[in-house]
Amino acid sequence: TKWSVWWLPEVNNMCRVRALGSKARGEKMGAAAGLCGGLNLSFYIDPMHPTDSEVGLEDARKGEKVDKVNFIAVTSPAYEGAFRFEAAYRKGYYLVFLPPNHLRVAPFGDGDDAGVADFALVDFGIMFRFIEMEEVLQPAVSAYKGWVTLENLRRDPNILLYFSNILQKPVWDNEDFITYFEGHWETWEYNKDTSSVRLRPPEEKLGQMLNSARDVDGVASVIAGARDELFRLPLTAAAKALVILAATIPDSEPLDVTKAINRIAAQKKILASLSTILSASLDTDSGRALPITDLLDICDLAMTVGGPSPAADLVQARCAAQAASAEVILRQLGVVPYKLSSMVLARLLRLPGVSGFDLPLAALCKTIVADVGLEVALDL
């Protein structure tokens, strides 16, 4: 992501930070150098209970939402030529980058503060000098719509220009490219038999990274950094992530700000995506063959994310995820002829929103209720 600074006349060095190329509602052109508009980095600090704030993107016209989008660029006390972006109406709160993928507006100044608050401003005219190898390789390989041989890749015009103009060195030989691709296996798949490479689709890359994650913090970091590819995550991988993110943090574990933010962001993201993941999985042949008990287990897992004592907003996210997933499961009853037992029926009847699916359930459970005893029927 690249950002563009828009300077404001009200106060010296007051500005807004915009996502380059972004468009606000009604705009035909994206934010660019010398062009107003776009979506601004936005935050909210509660004046009654000030604490750090997550950062989002928000439309704000001239003079609007100044307490949420306006910053003051101040000279960095730590790095020559760098700047810090202080919230214009909340002194001591700065834009902070928490690697690898979080932006916050938080108090900053002490030596032990987490994150990076010092930024270097780069002129658009020389921005291309900071292009990395990945930014050149990905569009070059994507243009081939699949596998591309190293021979063709080494002749690609954009790659030739990158090596000659930016790196100012000869193009890598095959061994160099092989080393690079195998070292970045989560992004690239290299076939040694054909000496060709392909770019993994985002959801495949996400699955690779989740499989290699060693603990809850690794899984949380991957999920927190995911985008739309999270909606296409295989159901088995989503279930694994739910189980891991349900783990509670021991009181004895030292607090790490980045890890804590990753966990919270990951928990909310996987919950918000669960019903879409479930629905996409059930549209496949393998998904339609899943036992109804597995689907119910996924729904139950949603209510365990965050442990036994989650924050209020996570409770709301869990309930919303369970309700949305329950609707997907209940709709599936009219598509797949499941054979239900009395225990499965009892679990279905406890799902939120089940009253809206009384007719398909009634058709499925006639034989079940007729065969069970009075005591079991009363439990249902």
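**Stop 1: the whole chain**

Start with everything shown as a cartoon, and keep in mind that this is a predicted model. The C-alpha trace spans about 80 × 65 × 50 Å along its principal axes. Colour by accessibility if you like: of the 380 residues in the protein chain, 37% are buried. As for how the chain folds back on itself, take the contacts with a separation of 6 or more: 53% of them join residues 24 or more positions apart.

**Stop 2: Trp172**

Now select Trp172, which sits in the loop between α4 (157–167) and α5 (174–183). Is Trp172 buried or exposed? Its relative accessibility is 17%, and because the cut-off for buried is under 20%, Trp172 counts as buried.

Next, show what surrounds that side chain. Leaving out residues up to four places away in sequence, Trp172 touches Met133, Arg154, Phe163, Phe177 and Tyr180. To get a sense of scale, draw a distance from Trp172 to Ser22: the two are 150 residues apart in sequence, and their C-alpha atoms are 35 Å apart in space.

**Stop 3: the aromatic rings**

The model has ten aromatic pairs. For one of them, select Tyr162 and Phe163: the ring centres are 6.0 Å apart and the planes make an angle of 85 degrees, an edge-to-face pair. Both Tyr162 and Phe163 are buried.

Phe177 is buried, as is Trp172.

**Stop 4: α6 against α7**

Move along to helix α6 (residues 202–212) and helix α7 (residues 216–225). Their axes are 8 Å apart and the packing angle is about 165 degrees, which means α6 runs roughly antiparallel to α7. The crossing of α6 past α7 is right-handed.

Which side chains make the contact? On α6, show Leu206, Met209 and Leu210; on α7, show Val219, Val222 and Ile223. By class, this contact has six nonpolar residues, no polar ones and no charged ones.

**Stop 5: α8 against α9**

For the last stop, select helix α8 (residues 235–245) and helix α9 (residues 257–282). Their axes come within 10 Å and cross at roughly 155 degrees, so α8 is roughly antiparallel to α9. Here the crossing is left-handed.

From α8 you want Leu235, Ala238, Ala241, Leu242 and Leu245. From α9, pick Ala266, Gln267, Ile270, Leu274, Ile277, Leu278 and Ser281. How many of the residues in the contact of α8 with α9 are nonpolar, polar or charged? Ten are nonpolar, two are polar and none is charged.

Notes:
Residues are numbered from 1 along each chain as its sequence is written. This is a predicted model: local features need pLDDT of at least 70, side-chain atom pairs count only at pLDDT 80 or more; totals for chains, interfaces and linings use all residues. Side-chain values use heavy atoms; hydrogens and water are left out. Axes are lines fitted to C-alpha atoms, for helices over the stretch in contact, and angles run from 0 to 180 degrees between N-to-C directions. Helices (H or I, at least four residues) and strands (E, at least two) are DSSP runs, numbered from the N terminus. Angles under 35 degrees count as roughly parallel, over 145 as roughly antiparallel, 65 to 115 as roughly perpendicular and the rest as oblique. A crossing is left-handed if the near helix is turned anticlockwise from the far one by less than a right angle, and right-handed if clockwise. Contact means heavy atoms within 4.5 Å. Ala, Val, Leu, Ile, Met, Phe, Trp, Tyr, Cys and Pro count as nonpolar, Asp, Glu, Lys and Arg as charged, and the others, Gly among them, as polar. Rings of Phe, Tyr and Trp (its six-membered ring) pair if their centres lie within 6.5 Å; planes under 30 degrees apart count as stacked, over 60 as edge-to-face and the rest as tilted. Buried means under 20% relative accessible area, exposed over 50%, partly exposed in between (1.4 Å probe, protein chains only).
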